[in-house]
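Hi,

I have a structure to hand over to you today. Please have a look at it below, and then read on for what turned up.

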Amino acid sequence: MPRQRLNFLFLNVGHFFDHLFMLIFATVAALRLAGEWGMSYAALIPYATPGFVAFGICAIPAGWIADKWSREAMMVVFFTGIGASSIATALADTPIGMAIGLFTIGVFAAIYHPVGLALVVEGREKTGIPLAINGVFGNLGVAAAALLTGWLIDTGGWRSAFVLPGAVSIAIGIGYAGFLWAGRAGSAVGRTGETAVRSPGAGVSSIGRAAFLRVLSIIVFTTAIGGLIFQSTTFALPKVFDERLAGLAGSATEIGGYAFLVFGVAGLAQLVVGYLVDRRSVRTVFAFVAGLQAVLFAVMYQLTGLAALVVALAFMLVVFGQIPINDVLVGRIASSAWRSRLYAIRYIVTFSVMASTIPVIAGIHASWGFSALFAVMAVAAGCILAAVLMLPRTVSPAANPV
């Protein structure tokens, strides 16, 4: 049991670093690099696109390798690879160099979701709370990206924002490799065939083939729209606060601090949602979350000052609250042998949309400002709500229809 808990902790820390590394550039670009390189925010942020493209398209091969080789060994590759890539990115002197560095970060970041989440749900009947706890760590990574990066920009320059987390991630990867080596003789956890034998029915679905395909289609659709919303809020929030909290925040550290507050507190919503989806209809919980998103984005349209901070906290609560719901649905309809690959499909959709969202954010901000972005997100949340209402009333774990 202590080893299982420690392994779960490593997986949670991996989720933290995954989101932290993918959002360091968002704060660096908004608060320092655009001015240092003589570029506008709208002109600079599209150079993040290659990283998010890699974050998406590399999820499929990462999931396939993990299912065929070893999920835990792939986590070692994740920690060390993303850390080394981040350190290398700090050497960039041009936008093209930055894009290349962010691409390599995205390649290794793509490993986490299909591999780490498959390990989190492996052998569990009730997956809501474990996924929610794991999600909170991911959200803390989002929050820390703004806070840590803002502080490092003020104290050591933007390059240190890539170097310090990179060194820590490499050290954790070495520690995880040692942890796995110590337990290798007595355990083969993470090898697909063996874990499938130990828990043949855990986390799969009895809803039938037609309903399976309907649920999978809804997962893909809501994942795509949810990726647009998640990227728009997490990537743009430091810049939103820079523009709309002028009377409350005047330095990179203060802006990062407010973003950390919003992201950190909002991440706790996943615990509530994880508890509810283990005990209530997923359809009902999902519909409530999506509907509330639509309302709050509409309210945020032109808010500034303290009111904008309060509403930003509210909409991030429901944006983060949505994250474990689709992961629970995937865990329920996927067999153990295919789980990494189905998570990879879900996240290649998420991160492909997230990659395409970067130039959309840039274009909307340059032409109409962030008010138009909030209007777009309100409509997108309404589309998620419409799709969720087509879910079966129950999706319960049992025997796989596929």
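Of the 402 residues in the chain, 60% are buried. Please keep in mind as you read that this is a predicted model. The secondary structure consists of 17 helices and zero strands. As for the contacts between residues at least 6 apart in sequence, 86% of them join residues at least 24 apart. The chain exposes about 14600 Å², and 71% of that comes from carbon and sulfur atoms.

One is helix H12, which covers residues 252-267. The buried residues in H12 include Ala252, Ile255, Gly256 and Ala259. Further along, Val262, Phe263, Gly264, Ala266 and Gly267 are buried too.

The other is Gln270, which belongs to helix H13 (residues 269-279). Is Gln270 buried or exposed? Its relative accessibility is 0%, and because buried means under 20%, Gln270 counts as buried. What surrounds this side chain? Leaving aside residues up to four places away in sequence, Gln270 touches Leu131, Ala132, Gly135, Val136 and Asn139, and also Phe320, Gly321, Ile323 and Pro324. With Gly135 there is a polar pairing as well: a polar atom of the Gln270 side chain lies 3.1 Å from the backbone oxygen of Gly135.

Best wishes

Technical notes. Residues are numbered from 1 along each chain as its sequence is written. This is a predicted model: local features need pLDDT of at least 70, side-chain atom pairs count only at pLDDT 80 or more; totals for chains, interfaces and linings use all residues. Side-chain values use heavy atoms; hydrogens and water are left out. Helices (H or I, at least four residues) and strands (E, at least two) are DSSP runs, numbered from the N terminus. The expected span of a helix is 1.5 Å times one less than its number of residues. Buried means under 20% relative accessible area, exposed over 50%, partly exposed in between (1.4 Å probe, protein chains only). A polar contact is a pair of N or O atoms within 3.5 Å; within protein, one must be able to donate a hydrogen and the other to accept it, and residues adjacent in sequence count only if both atoms are side-chain atoms. Contact means heavy atoms within 4.5 Å. Accessible areas come from the Shrake-Rupley method with a 1.4 Å probe; for residues, only the protein chains shown count as cover.
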